[in-house]
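Please consult the sequence and the model shown below.

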Amino acid sequence: MVLTLALAACETAAPAAPGPAASTPPSPAPSASGSPAATPTPEPPPAAAVAFLQDLSPEGALEPLLPVYRAVELAFAAASIDSEDPVDVELTSFDTAGDAEVAGEIAAEIAADPRYVAAIAAPDLPGQAELVSRFAAAGVPVLSLSARGSPEAPPAGAWLRLVAPVRTLGGALAETAASLRRVEDGVCIVEAPTDGTVLGRVAARSLPPDLDLTEVSGPVEVGEAGCGVVLWAGGGVDGAELAASLAATEPHPPVLVGGPALLDPRFLVLAEDPHAVAVCSCVDLSTSLDLEAQRFIQDFQTEYGRPPGAYVVEAWDAAQLVLAALRGGGQDRASVWDRIASTTAIDGLGGPYTLTAGELADPRSFVRVYRVRGGRWGEVSSASNT
């Protein structure tokens with residue numbers, strides 16, 4: 001499977017290295033024993049390595065992150081058996097455990113190993129600014145799938161984020177909640193665990209000031225307030241419990257509106273038939289008629305026994321960007337860094353990406369709205385259709 005990525009620096013192929021002039025090679029010099037000296041066989045260069053950085057400290061974090069890792073793994077596995085231009089890449093995952101000290105130790109380990117040519121930051125990875133600073137000093141570019149945090153003025157080549165930042169995601173969450181028909185009955189914001197507070201704060205600040213807004217701690221208070229829309233910025237499992245409780249609210253259950261965490265595959269299993277809407281800077285290819293998309297879905301399901309989830313497509317595109325950099329130049333850090341630095345456009349599985357200063361040029365256009373329909377998530381053209 002091949003995905004074409006448009007790299008600005010790759011428009012013209014690098015000239016081939018000049019070969020030696022045709023001549024008869026000299027005979028090997030005799031050794032002291034009179035036998036020809038043995039010519040040592042050069043060892044093949046070690047495979048390039050890529051680090052997958054994730055935070056598994058929140059309870060249940062592995063379940064939604066594993067498919068994202070699998071997408072990167074699948075991309076590198078396919079590249080290794082490419083009949084035209086094979087590339088071997090060693091993928092290693094690291095758990096920062098949500099601890100800045102642990103993250104620093106991981107960054108130092110990766111920086112000290114010259115095999116590592118890039119790092120991929122998983123969704124919801126915190127502390128990105130510090131990590132990018134550490135990696136930039138070692139010449140290791142970071143390709144990010146996390147909305148959280150932004151490094152300040154990173155050098156070109158140090159950072160590319162393929163998803164919308166949290167400020168954009170929170171604004172879209174508020175916009176979606178405010179556009180629902182049930183918003184006239186008021187909006188309740190449910191206190192979320194620490195992993196959802198940043199998104200929740202941004203969404204709360206972005207809501208129109210004329211809305212009837214109530215802060216609550218659970219479904220009982222939602223019922224007492226009579227809210228038509230419930231804003232949730234916490235995790236998928238806790239969100240499922242909330243959705244299941246809200247479904248019993250009479251006579252008309254409110255609509256639960258949340259972030260990417262609601263796309264956790266466990267949400268629909270635990271919540272049963274929820275009235276829920278989710279916003280995510282992620283692509284769902286399940287209804288795509290594109291042949292490449294259909295092949296990707298089939299290969300992913302065949303390999304891992306489950307359909308792709310949130311951020312899987314973006315993870316695949318990040319891996320393909322690394323592969324394009326390796327194919328377009330040397331397989332060392334400096335070459336990959338230079339290729340990443342020159343990337344301003346990507347023709348990915350998730351569509352075209354246009355980037356500027358390491359961020360999406362129009363991040364809001366990458367945020368999609370999903371609604372539960374018939375027991376599964378489906379993309380809607382606008383929030384007002386929910």
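How many bridges join strand β1 to β3, and do the two run parallel or antiparallel? Strand β1 (residues 48–54) is joined to β3 by 5 bridges, and the two run parallel.

## Basis of the model

The model is predicted: local features need pLDDT of at least 70, side-chain atom pairs count only at pLDDT 80 or more, and totals for chains, interfaces and linings use all residues. Residues are numbered from 1 along each chain as its sequence is written, and side-chain values use heavy atoms, with hydrogens and water left out.

## Strand β3 and its partners

Helices (H or I, at least four residues) and strands (E, at least two) are DSSP runs, numbered from the N terminus; two strands pair if DSSP finds at least two bridges between them. Ala 119 in β3 is the bridge partner of Ala 51. Strand β4 (residues 142–144) runs parallel to β3, with 3 bridges joining them, and its Ser 144 stands opposite Ala 121. From β3 the chain passes through helix α3 (residues 128–138) to β4 in a right-handed β-α-β crossover (clockwise from the first strand over the helix to the second, with the strands pointing away from the viewer).

Strand β3 (residues 116–121) is largely enclosed by the rest of the structure, because 6 of its 6 residues are buried (under 20% relative accessible area, 1.4 Å probe, protein chains only).

## Asp 55

Asp 55 lies in the loop between β1 and α1 (62–80). The side chain of Asp 55 makes a polar contact with that of Ser 57 at 2.6 Å (a pair of N or O atoms within 3.5 Å, one able to donate a hydrogen and the other to accept it; residues adjacent in sequence count only if both atoms are side-chain atoms). A polar atom of the Asp 55 side chain also lies 2.9 Å from the backbone nitrogen of Gly 98.

Methods
Buried means under 20% relative accessible area, exposed over 50%, partly exposed in between (1.4 Å probe, protein chains only).
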